[in-house]
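Student: I would like to learn how to read a few features of a model. Please take them one at a time.

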Amino acid sequence: MSRVMTVPGTLSELEGEDESEREATNSVASDVPSSLAADRLIVVSNQLPVVARRRPDGRGWSFSWDDDSLLLQVLFVGSLRAEVPVAEQDEVSQALLDRFRCAPVFLPDHLNDRFYHGFCKRNGRFDRSAWEAYVLANKFFFEKVVEVINPEDDYVWEIYRTLPVREEILKALLNCDLIGFHTFDYARHFLSCCSRMLGIEYQSKRGYIGLDYFGRTVGIKIMPVGIHMGQLQSGLRLPDREWRLSELRQQFEGKTVLLGVDDMDIFKGINLKLLAFENMLRTHPKWQGRAVLVQIANPARGKGKDLDAIQVENQESCRRINGDFGQSGYSPVVFIDREVSTVEKIAYYTIAECVVVTAVRDGMNLTPYEYIVCRQGAPGSESMSEVSGPKKSMLVVSEFIGCSPSLSGAIRVNPWNIEATAEGMNEAISMPEQEKQLRHEKHYRYVSSHDVAYWSKSFIQDLERACKDHFRRTCWGIGLGFGFRVVALDPHFTKLNIDSIINAYEISDNRAILLDYDGTLVPQTSINKAPTAEVLSIINILCSDRRNVVFLVSGRDKDTLGKWFDPCPKLGIAAEHGYFLRYDFPLLHDL
């Protein structure tokens, strides 16, 4: 059996370096003191950490690592953010595999739009055709994994962002060996679903949480992801940062800068942030002319009427706030709705007194972590751009983002409560300097020690622990599609042989045949639950053999079963899980 771990959230996207740099710096996973040095780790995510561009002359492609990516010494499987003609796909696949250890999945344009924008990103009524597109897209990913996997040596790590469909995906996830969650709340919701929908209860043993499922123990791991410290600290040393900082400090001289960095998304709560800032200026007029909210809105990855409406709201709020509170040389809101380079974003982080995150639903959201590191500055740097003296930072974060529980010094708010969020902003920028320093120090200790390398090593070690008994157990794959299950059995278990069963049946003098009803005599998905004429005929044939004692064992009520199987007088019925019995023949022990 291949070894699979599934984690909700996106892979924070892989960093780029050339081959010599990669060998010199090693990878996050390469330091793990485990047998993984001899094995391969395959990471499966929606998109590859590679930027693809058509060459200016239109002949061929150029590739580079995503600037915001995280380097891992792994094999990546995912889609490419570019439309590659079918005739060029083989050549592109080979180039990406050779240079980047990436195996691209090429989805047809219509399928990519339906599964991602129509299903994953849609916030509305369930669309069956979009769900079918999602299933088909996953089949493309599965086929690519099968193409590159070595089942004896490879570990597979799937990166999920959301779990929009209930039972089907829940059961599919439970075929994994280890399922990871960024926060306790995420894990608690998952375990609650397992209990409520599947009747599976978790057990805690020596600090590890596990679910017993078809003879296997599915591990549950809780650990929030971190940031790539080395990558971010390298950005803090970039030459361009110096003049950008100088430019920004001149632009906002004498002002207190609050910063928001969000994707243009219906769940990021950007307009709620604008309304809260407006409320702060109105209720605390001392900040008028002094406080500036810089909102960086990364270009939208989705599309739709809801997103269009959000963009219109944001524009109207910005115009109103700047119109009501703006002065000559002072705009209270600076709205940046374009791509912002890494070094420019680092410069904004460095000058901001406070970062504000007001998402109403989100994953981990590592913006606060990045801000804390940028405010700390590069270790050992004596650059003139670095702030001398004790470092400080402040955070106002939504209680609905994954990193919120890890930042005990942050001011947590419910973004729907505009007044409370406004008071949180005022509290953050009005706090005594010493308190800001203490909170910053506490946060920086956590963020710097719980980085992505720490997270990766911990997950890989737990994955190995979950898989250590694989080759001492017998596992069977049973079922098709979403009905597929991995069943673990005792090492001495042998699968029943049909010929042996028939032979034993024919030579035996007494036979007890116990039949379930739902899922056995009628399909679980059948709308008409009554037995067909063919089922009744087969049961009567079995009952007519004097050597057979045939019982129907079901949780259904006695009246329904009695009515349905009235044409089978020789059939024994154990209704309501055996509470009621009906039979008019001697049982085996009476013979």
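Student: Is Asp362 buried or exposed?

Tutor: First, the basis: this is a predicted model, in which local features need pLDDT of at least 70, side-chain atom pairs count only at pLDDT 80 or more, and totals for chains, interfaces and linings use all residues. Residues are numbered from 1 along each chain as its sequence is written, and side-chain values use heavy atoms, with hydrogens and water left out. Buried means under 20% relative accessible area, exposed over 50%, and partly exposed in between (1.4 Å probe, protein chains only). Asp362 is buried, because its relative accessible area is 16%.

Student: Which side chains make a polar contact with the side chain of Asp362?

Tutor: A polar contact is a pair of N or O atoms within 3.5 Å; within protein, one must be able to donate a hydrogen and the other to accept it, and residues adjacent in sequence count only if both atoms are side-chain atoms. The side chain of Asp362 has such a contact with the side chain of Lys268 at 2.9 Å, and with that of Asn365 at 2.8 Å. Asp362 itself sits in the loop between strand S15 (354-357) and helix H12 (367-376). Helices (H or I, at least four residues) and strands (E, at least two) are DSSP runs, numbered from the N terminus.

Student: Why is strand S19 described as largely enclosed?

Tutor: Four of the five residues of S19 (residues 485-489) are buried, so the strand is largely enclosed by the rest of the structure. Two strands pair if DSSP finds at least two bridges between them. Strand S18 (residues 474-478) runs antiparallel to S19, with five bridges joining them; in one of these strands Trp476 has Val487 of S19 as its bridge partner. Six residues lie between S18 and S19 in this hairpin, and Gly479 in the turn has a positive phi of about 95°.

Student: How many residues of helix H11 are buried?

Tutor: Nine of the ten residues of H11 (residues 342-351) are buried, so this helix too is largely enclosed by the rest of the structure. Among them are Glu344, Lys345 and Tyr348.
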